[in-house]
Structures are given as C-alpha cells and as structure tokens.
Amino acid sequence: MSEPVSRYSRGRSLEPSGTLAGVSVDARRASVRSRLEQVIYSPANYWIMLVVDLAGAAAFLALGVRLFEGDHTVAALAVGTGLVSWSGLEYAVHRWVLHGAPSVVQRTHARHHREPAALISAPLLLSTSIAFGLWAALCVPLTAGTAAFAMFGLYAGYNGYVVLHHIQHHYPALVPLVPGLRALERAHLVHHQRYIVNYGVTSTWWDHVFASDAEPGRLRRARAERRQAAVPVLHVASSLGGTDRQDGTAHATSQ
Ligand SMILES: [Zn+2]
Ligand SMILES: [Zn+2]
C-alpha cells in the first residue's frame, strides 16, 4: 500500500529539519520506525507476547480475587462488562486504527493481509502496559477489585482474539471442533478477501451494528442477484428448471 502524501505533507513541513550529529532527522525517525517494525515482525516477540498476555490476564484475575470485597454478582458483572467491552474495542481498533490513517500499526496490519501466516504482534509489553494503565484509570471510579475483574474480562477477551486469530490462520483444522468458530472463520476469510468488511474477529455483533458485515452466503446471494438482473427475462424463464437464482441460494448455504 503506497503511503499517501497529500493529507500529511503539511504536518511534515512543520517538522524540524536539518541534521543531528550528522544524521538527518528523517533518517533517525526512519531508523527508529524500522527497529520498531523489526520487533513487531519478530516471531520471538510474537511468542513471548502470547505468554505475557496470558500471564497478564491471570494476574488481573488474581488481583480481583485478592482485592474484591462484595457480591459475587458484581464481580461476574464486571468480568462480563470487560469481555463485551473487548469486542467493541477489537472492532474499533481493527476498523479505525489498523485499517485507518497511515501509521506503523496500519502498515503492519496491511502486511498481515499480504502475508496471513506471518507471525506479527504488538511490540513487547505494549498490551501489558496499556492494560495496567487502564486498570489504574478504572480504579478512580471503581474499587481496585472491581476494576481488576473488569480488566480480567477485557484482557481475557484480547487473549481470546489472539488465540482465535492464530487458530484461524495456522490451525484451521481445529475450527470445526468448537461450535460457532466456523462462522467466525468464514467471516474473517471474507475480511481478508474484501478488506473493508467483517472487522470483528471474536464476534460479529459490531459489524451488524455498524453495517460492515458481509457473510459469505449473503455475498454469493448478492452476486447471484446481480447476475440475474443482468440476464434477459426470457433466458431467466428458460433456466428456472436448472441452475438459477434458487441454485445461487443453495450454494450460499451449503458451505
Ligand atoms: Zn487475519
Ligand atoms: Zn484487517
């Protein structure tokens, strides 16, 4: 994906120019960006963060158990709210950040679309730092224990996203073993094909809310309907005994 120039050229013109210790500012920024991207594309970073994020969610669960005092219903509600909040955050980040304005993360996500099997992850400790920062912020309106349970739900949702996305791209044979995962896998496959639909990975709720959903059956039906609209009426009438719009629907629901 080429980097747009017009929208950001004004900002660039305001940046300090010249050299620092014989190295141009642009060259230094490019070097930092390149090192950051090296970490993001590193398989070691990917595997370490998988373990660290699981440990982070477990740490919030332990904190919640230790600090929470109150009704178990409130604790369960906090965990559930965190989980649902993750699905919204996942949609928002995927749609408006990873597919948003040009940035390092937008570029790395574009690379995931080009190379779906590549091991690409947020840089070391970024998600952990954000999670603990969010917990500190939540401790202002909530008790520390309630905030910890809410963060456990949110972080568990993030881990669910990471693990599910890994399974979809690396172990698709496992998908049919868990009810509901096949529909999510199909939706994600369509996302990789069409890029601007089906941003949800662990759920499809927000795609329905923001009308960005496109499930395979619906796409095929839409294509079949467009083909039907393009075919002369007499030809449609003669083909109704064989392959026709009914057939299009049958194909759409058979996979
Ligand atoms: Zn993917
Ligand atoms: Zn994407």
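This is a short tour of the structure, one selection at a time.

**Stop 1: the whole chain.** Keep in mind as you look around that this is a predicted model. Follow the chain along its sequence and the pattern reads α-β-β-α-α-α-α-α-α-α-α-α-α-α. The protein has 255 residues, and 19% of them count as buried. Now think about contacts between residues at least 6 apart in sequence: 67% of these join residues at least 24 apart.

**Stop 2: the core.** Select Ala-148, Phe-149, Met-151, Phe-152 and Tyr-155. In the largest nonpolar core, which has 24 residues, these five touch the most other members. The top contributor is α7, which gives 12 residues.

Next, zoom in on Phe-152 and show what surrounds it. Leaving out residues up to four places away in sequence, Phe-152 touches Ala-57, Phe-60, Leu-61, Gly-64, Val-79 and Gly-82.

**Stop 3: two helices side by side.** Hide everything except α3 and α6. Their axes come within 9 Å and cross at roughly 20°. Angles under 35 degrees count as roughly parallel, so α3 is roughly parallel to α6. The crossing itself is right-handed.

Which residues meet here? On the α3 side, pick Met-49, Val-52, Asp-53 and Gly-56; on the α6 side, pick Ser-127, Thr-128 and Ala-131. Colour this contact by residue type and you get three nonpolar, three polar and one charged.

Stop 4: Some background before you click: most residues other than glycine have a negative phi. Start with Leu-125, in the loop between α5 (104–114) and α6 (126–138). Leu-125 is not a glycine, yet its phi is positive, at about 65°. Is Leu-125 buried, partly exposed or exposed? It counts as partly exposed, because it has 15 C-beta neighbours inside 10 Å.

Now jump to Tyr-195, in the loop between α8 (181–194) and α9 (205–209). Tyr-195 also has a positive phi, this time of about 70°, although it is not a glycine. Count the C-beta neighbours of Tyr-195 inside 10 Å and you get 11, so Tyr-195 counts as exposed. The cut-off for that label is 12 or fewer.

Conventions. Residues are numbered from 1 along each chain as its sequence is written. Chains are lettered from A and ligands numbered from 1 in the order in which they are written. This is a predicted model: local features need pLDDT of at least 70, side-chain atom pairs count only at pLDDT 80 or more; totals for chains, interfaces and linings use all residues. Helices (H or I, at least four residues) and strands (E, at least two) are DSSP runs, numbered from the N terminus. A residue is buried if 20 or more other C-beta atoms lie within 10 Å of its own, exposed if 12 or fewer, and partly exposed in between; C-beta atoms are placed from the backbone. A nonpolar core is a set of buried Ala, Val, Leu, Ile, Met, Phe, Trp, Tyr and Cys residues joined through C-beta atoms within 7 Å. Two residues are in contact if their C-beta atoms, placed from the backbone, lie within 7 Å. Axes are lines fitted to C-alpha atoms, for helices over the stretch in contact, and angles run from 0 to 180 degrees between N-to-C directions. Angles under 35 degrees count as roughly parallel, over 145 as roughly antiparallel, 65 to 115 as roughly perpendicular and the rest as oblique. A crossing is left-handed if the near helix is turned anticlockwise from the far one by less than a right angle, and right-handed if clockwise. Ala, Val, Leu, Ile, Met, Phe, Trp, Tyr, Cys and Pro count as nonpolar, Asp, Glu, Lys and Arg as charged, and the others, Gly among them, as polar.
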